[in-house]
Each structure stands twice: as structure tokens, then as C-alpha cells.
Amino acid sequence: EYRWALRNPVVDESINENNHAIDLLCFSSQFYFILAFFTMSQINLVFAITIFLRQEYNPLGDPAGPLILALMFLAGEIFSRIFIRLADVKIRRFNWRGLWMTKQIEGTVDDDVAAKLAIGEGRQQDLEQERLELQALNSDRFRHRFLERNRPWILQHLVELLTPRSLDQPGPDGRPAIEYVRDVYAELMQMGEGLRKPGDREDISDEEGDELEQLRRNWPRQPLTGASLAIARLWLAKARKRRAFGVLIRGIIEQHKKTSCEICGRNPQEHNVRLVAYLARKGEPDVREIDRLIGLFEENYGFEELDPQLWKAFFRSQAEYCTRCTVCEDAMAQDRMVQASRMPGPGKITRPQDISSDEDEDEVIFDPIVVTRTSPEGRMMSKWLVSARKKLGGQFPRAEARKQMERYAQKLRQLKLKKAKDALSKGQDGPSELDKKLGFDQDQMVVDAATKALALRWIRMARDSLQAKFKQRSETLRTELDTLLEDIHEDDDWYYGAEMRLEGHALNTRGSELEDDRRTLEAEAAVKIHKVEDDLKTYLKERNEEMTRERKAFEAKIAQQRDRIDLDIELRKAELLKTKEIKRKEFDAEAKAAAAELGAAPTELIQQHRNMLLDMDAFIQQERTNAENFRDREEAEAKIMFEKAETIKKTEMERRTAMAGDNTARIREEVAGRVKLAEAEWQLKASKWLTIARKKVQVKQREDQDARQSKNKKRGKG
């Protein structure tokens with residue numbers, strides 16, 4: 001792209017910054033040219049210094065020195081221009097395209113391959129391979145396949161290849177290059193499987209494309225009437241309105257584009273990427289957000305309102321924005337393509353919320369219905385079922401299908417029973433007798449935080465109790481299995497049967513395995529719970545220490561503020577007392593002067609002076625009272641704000657404590673849910689086996705006892 005390698009702004013960020021220039025030169029001819037040039041300059045410099053020393057020449061004292069320097073710079077500029085022109089000279093006879101001329105400026109890959117074919121050098125196999133490569137490069141099918149496979153990378157680097165100067169030039173079809181690039185970009189964005197590209201042969205197409213095309217050809221050509229016409233017109237009106245409103249807000253969205261990507265922080269100046277602003281909802285780009293805003297606009301101002309200024313004002317007040325770079329957009333597009341192309345089945349990851357921890361909590365949403373296979377609904381469902389089975393693969397019906405149907409039928413029966421109970425409860429008029437005696441009103445019931453906490457604690461304790469009973473039942477069954485298996489020996493297979501004995505041992509082994517699995521899961525859960533509790537203890541300890549430090553700092557600040565205000569009060573009091581003393585002296589001097597002039601000071605003057613001094617005392621007291629009141633108000637406000645902040649922190653601590661309790665309960669429920677299904681099935685089988693085996697063992701023991709008694713009787717008679 002650049003004839004001089006050091007002008008290339010794209011560098012390898014993985015290399016140290018001091019070695020970027022060496023990496024760009026990459027031991028090329030320019031690298032050795034720079035070494036030779038600077039080495040020659042150093043040699044000439046040494047020669048010049050040697051000549052100056054031998055001739056005892058002082059260049060700074062030479063009056064012709066400035067003229068010589070000017071001539072040297074002028075000669076250097078002239079020679080540089082001459083050498084630049086000579087570097088661009090092309091000599092086709094010697095295949096000389098210029099000094100360090102890049103291939104992209106001179107030709108394309110097609111020209112290079114064609115030149116190689118024209119030369120005719122090399123083996124015939126290489127020539128044939130190059131001919132095939134040239135033929136492939138000239139094929140539109142190959143080029144579109146290349147664009148389809150490398151579409152994210154091309155879209156990411158398209159902004160690096162286009163400059164304002166190149167966009168102003170005419171394109172391949174004679175139109176401005178910016179219009180040609182816009183069409184190509186739209187074609188790349190819309191490219192996908194099943195779409196016909198320019199240059200494709202009409203007689204070759206995929207099967208799905210032919211089916212879709214056949215369906216389109218079979219669409220009815222008759223004009224729309226009635227409801228179909230109304231729906232089409234409504235859709236057309238909404239589409240036109242969406243397009244018009246979208247054009248009006250395009251500039252507003254562009255104005256809210258940030259200087260860097262909100263996900264990765266890249267910016268165009270440092271990372272050479274393009275930023276795009278999108279409408280967002282809850283911080284994520286949403287292409288349907290404009291439809292939601294248009295719906296809100298129509299709800300507020302009516303469906304017929306089309307004022308552009310009103311729409312812009314409403315859009316500014318309601319819209320949210322986000323900024324993404326091309327790299328993040330391509331990464332998300334790749335994830336969406338991978339997610340869309342993932343086949344269903346066992347390989348697909350199941351979300352935790354898709355699996356319930358207790359089958360009894362499942363709810364049946366739909367009532368059972370009967371659909372005939374010949375109806376349109378039946379044919380549609382049959383087609384969907386066949387397609388789904390074909391996509392999933394394997395044998396149908398599945399082995400567990402009957403169990404699932406039985407479980408679903410059980411849920412339907414439970415739903416029917418629940419509806420009957422609800423109808424019976426609704427049929428009762430008014431509250432119960434107990435509610436009337438206690439004065440309990442459900443409509444006025446208010447649940448506070450303490451009641452809610454007690455209820456949650458009771459629920460958790462009840463769940464723990466149920467899980468403990470379930471676990472105790474498993475342990476009891478294992479103990480009974482061990483006891484009964486001790487009484488059933490291999491020698492007694494003639495009575496019990498080998499199948500029964502082996503089934504008992506298999507159940508005992510399965511019970512031991514389930515117990516080991518439970519212990520493993522409980523150990524893992526204990527580690528997680530211990531971590532949650534440690535994190536909570538650490539958090540509470542840090543918060544308590546922080547609150548203690550803040551309270552001490554607040555109290556110290558209040559004490560310091562009180563001392564400062566008290567000091568200001570005392571200083572103000574001393575200042576006013578000093579002023580009072582000065583006034584008293586002035587009044588005394590004035591009274592003496594009046595006494596000297598009139599023989600005695602007038603009573604009115606003395607009373608006036610006394611009143612003024614009393615007013616000054618009252619003013620001093622009022623100043624002190626105001627300052628103390630101001631201090632008390634400031635302290636009260638500061639305490640209120642501090643207590644509010646402390647309350648918020650305590651609430652956060654309580655929330656974290658409750659969240660830790662929820663996490664602990666969730667972990668325990670997950671463990672119980674993972675082992676409950678398998679153990680419930682095992683308990684059912686073990687209970688059945690124990691019931692049968694216990695009866696047989698009791699019968700055999702009774703028969704053995706009877707046999708021994710009869711034998712003893714015979715011995716006694718003999």
C-alpha cells in the first residue's frame with residue numbers, strides 16, 4: 001500500500017513500540033538502503049572534520065559560510081526532486097516498474113497470474129495449476145463464494161480500504177464510487193444461503209431454492225379483497241410510516257454516537273475502526289425499538305399524527321442509544337450465525353431455568369385437545385413432527401416416550417383436581433368462621449419485612465425437613481436391604497429364585513452408588529456454601545469496620561466543627577465587648593464634656609448612653625444565641641444525613657445477607673433436585689422388592705421353624 005514502508009500507519013501491536021520501525025522495514029531493501037545512507041553520511045562527516053582540523057579551518061568564522069549552507073540545502077532539494085522523478089521512471093524493456101513500486105498500484109493478482117502464464121517458464125503442472133487459479137479468479141461463482149465465506153472480515157476492513165478521495169472517483173459502472181460501494185455493502189449484508197447471486201447458472205440451483213421459487217410461483221394472482229386487502233394496506237401504511245420516521249431520526253441517532261465503543265473501548269483514531277450508533281433497550285441494540293417507540297407515539301398522539309417536529313421531540317425524550325464498533329458487531333454477528341446453525345438435540349446446552357428441581361411444581365398450560373390428521377391443523381402438525389424427527393435423528397418413538405405421556409396424563413389429572421378444588425373454594429360465601437372470630441381480613445393484610453423473613457425461614461426449614469425425611473427414608477431402605485440380603489443366600493435360590501437375589505444385590509449396589517453421588521454433591525455444595533458464607537462474613541466485617549470508621553470520623557468532624565463555632569462565638573463576643581468598652585469610654589468623655597460645659601451632665605444624655613449600652617448587651621446575647629442555634633441546626637442536619645447513609649448501608653448489608661441465604665437455599669435445592677429423581681425411582685423399586693422379599697423371608701423362617709419343631713418331636717418320640 002505504501003512505497004515507503006515507514007509511512008504505513010498500521011503496526012503490529014504485539015511488538016514493542018521501539019521495534020515498530022524495524023518490523024515495518026522487515027530487512028527489506030529500504031532497510032539496507034537506510035543503513036548504507038547513514039553509514040555514508042557518517043564517513044563523509046569524519047572526512048569533513050579531518051579536513052577542517054588539518055587546514056585549521058573555522059566554518060563559523062568564514063563570511064561565506066551562510067552562502068555555502070544555502071547552496072547545499074538548495075542542491076539537496078533539487079537532487080531530491082530529481083531522484084524522486086527518476087524513481088517513477090518505468091523501463092518496460094527491462095521490466096522495470098520503478099523504484100520500490102507496489103504491486104497494488106501497478107496491477108492485480110489476475111495480471112500477475114497472466115504474466116506468469118505468458119512467460120511460459122516452469123513445469124507444465126505448475127502452468128496448469130496457475131491456469132486453473134486464473135480461471136477460478138475470473139469466475140463470478142468463486143468470487144461470490146469467497147465474499148460469502150469472508151463476509152465478516154471484508155465488512156470489518158472495508159472502512160480501511162475506502163478513503164474520501166477514492167469515494168469521489170467514478171466506479172466500475174460509471175456511477176460515483178460511493179453509490180457502487182453502498183450497493184456492494186448492501187449485497188454483502190443480504191448475502192445468505194438460498195439467494196441467487198449474479199452470474200449463477202439458471203440450470204443449477206439447490207433444492208431448497210427450487211422449492212421456495214416453486215411456492216412463490218404458485219401464489220395466487222387474484223386481487224386482494226376484504227380482510228386480506230385491509231391487512232395489506234395496514235402493513236403498507238405501517239411500513240411507510242416506519243421508513244419516514246426512521247429517516248427523520250437518523251441524524252439524531254448519529255448525534256448520540258460516542259467517541260469509543262461501549263463494549264471494547266476502541267476508537268477510530270487509535271484502532272482504525274468505524275463506530276455506529278444504534279437504538280438500544282436496556283443497554284443492548286434492538287432493531288425493534290423503533291417499532292415500540294412508534295407504538296408509544298401513536299398511543300399518545302393518535303394513529304393519524306404525522307408531525308415531524310412532534311415525532312422528533314417525542315423520540316428525543318424516549319429513545320436510548322448505544323455505540324458499537326465494527327469489530328464487536330462482526331463478533332456478535334458470528335455468534336448469531338453459530339447459534340442459528342447449531343443443531344438441536346443432546347449437543348445443545350440447556351439453560352438452568354429449563355430444568356425444574358421438582359416435578360410436582362410443573363404446571364400444565366394447555367388442556368388436551370383432539371386434532372384429526374386430515375384437517376389442515378393435523379396436516380401442519382404432522383409435517384412439523386416429521387421434520388423435527390428428521391432433524392433430531394434416531395429411532396421413534398423414543399424409549400422414554402411412554403413414561404413422558406404417563407407423567408403428562410398425571411399432570412392433567414392433578415390439574416383437573418386442582419380446578420375442582422378452586423371451584424369448591426370459590427363457592428364458599430364470605431370468610432370462614434375462624435377468620436371472623438380472629439377479625440382477619442385478607443384485603444387489608446399487610447406483610448412487613450419481619451413477617452416475610454419469618455415466612456421464608458419457615459419455608460426453608462420445611463424444605464430442609466422434607467429433604468431430611470427423604471434422605472432418612474433412603475438410609476432406612478439401604479439398612480433393610482442389607483439385613484434382608486444377609487438372610488437370602490445363594491443356597492436358597494431354589495426357594496427365593498436367583499433373579500430375586502440378584503435384583504436385591506443390584507438394588508443394594510445402586511443404593512450405595514446413589515449414596516456416594518449424594519455425598520459428593522453435598523461436599524461440593526458444602527464448599528460452595530462455605531464460600532458464600534465466608535464472602536458474606538468478609539463483606540459484613542468490612543462494612544461494619546467501614547461504618548465504625550465513618551462514625552468515628554463523623555463524630556470527630558462534628559466535635560471539630562463545634563469547637564470551631566464555639567471559638568468563633570468567643571471571638572465575636574470578645575470583639576463586641578471591646579466595641580462596648582470603646583463606646584462606654586466615648587460616652588464617659590461625652591458626659592464629662594457636657595458636665596464641664598453645663599455644670600452637670602444632663603439626665604437625658606446619661607439615660608441615652610445607658611440604653612445604648614443595654615442594647616449592645618442584648619445584641620451580644622442575640623449574636624451568641626444565633627450562632628449556637630446555627631451550630632445545632634448544622635449538627636442536626638449532618639446527623640440526619642449520616643444516619644440516612646448509614647441506614648442505606650445497613651439495608652444493603654441486609655440485602656446481601658438475604659441474597660446469601662437465597663444462594664445457600666438454591667444450592668441445596670439444586671443438590672436435592674439432582675439426586676431426588678434417581679433416588680425416588682430407586683426407593684420405589686427397593687420398596688417393592690423389600691415388600692416381596694420380606695414376606696418370603698418370613699414365610700421361609702416360619703416353615704423352617706415348623707420343620708425344626710416337627711423334627712424335635714420325632715426325636716422325642718424315638
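Select Phe31: phenylalanine 31 is buried, at a relative accessible area of 16%. Buried means under 20% relative accessible area, exposed over 50%, and partly exposed in between (1.4 Å probe, protein chains only).

This is a predicted model, in which local features need pLDDT of at least 70, side-chain atom pairs count only at pLDDT 80 or more, and totals for chains, interfaces and linings use all residues. Residues are numbered from 1 along each chain as its sequence is written, and side-chain values use heavy atoms, with hydrogens and water left out.

**Ring pairs**

Rings of Phe, Tyr and Trp (its six-membered ring) pair if their centres lie within 6.5 Å; planes under 30 degrees apart count as stacked, over 60 as edge-to-face and the rest as tilted. The count by this rule is 18 aromatic pairs. Tyrosine 32 is partly exposed, because its relative accessible area is 47%.

Now pick Phe52 and Tyr57. Their ring centres lie 5.2 Å apart with planes at 50 degrees, so the pair is tilted. Phenylalanine 52 is partly exposed at 35% relative accessibility. Tyrosine 57 is partly exposed too, at 33%.

Next, select Phe245, Phe297, Tyr301, Trp311, Phe314, Phe315 and Tyr321. Ring pairs link these residues into a cluster.

**A charged patch**

Which residues gather in a patch of negative charge on the surface? Select Asp12, Glu13, Glu17 and Asp23. Like charges are joined within 9 Å, and nonpolar side chains (Val, Leu, Ile, Met, Phe, Trp, Tyr) within 5 Å.

Zoom in on Asp23. Aspartate 23 sits in helix H1, residues 20-25. Helices (H or I, at least four residues) and strands (E, at least two) are DSSP runs, numbered from the N terminus. Aspartate 23 is partly exposed, with 34% relative accessibility.

**Two loop stops**

Most residues other than glycine have a negative phi. Go to Cys26, in the loop between H1 and helix H2 (29-55). Cysteine 26 has a positive phi, near 55 degrees. Cysteine 26 is exposed, at 54% relative accessible area.

Finish at Glu56, in the loop between H2 and helix H3 (65-87). Phi of glutamate 56 is positive as well, near 50 degrees. Glutamate 56 is exposed, with a relative accessible area of 73%.

Note on methods: Patch = residues over 30% accessible without salt bridge, like charges linked within 9 Å, V, L, I, M, F, W, Y side chains within 5 Å. Areas by Shrake-Rupley, 256 points an atom, 1.4 Å probe, with all protein chains shown as cover. Salt bridge = Lys/Arg side-chain N within 4 Å of Asp/Glu carboxyl O. Lys, Arg positive; Asp, Glu negative; His and termini not counted. Charge placed at Lys NZ, Arg CZ, Asp CG, Glu CD.
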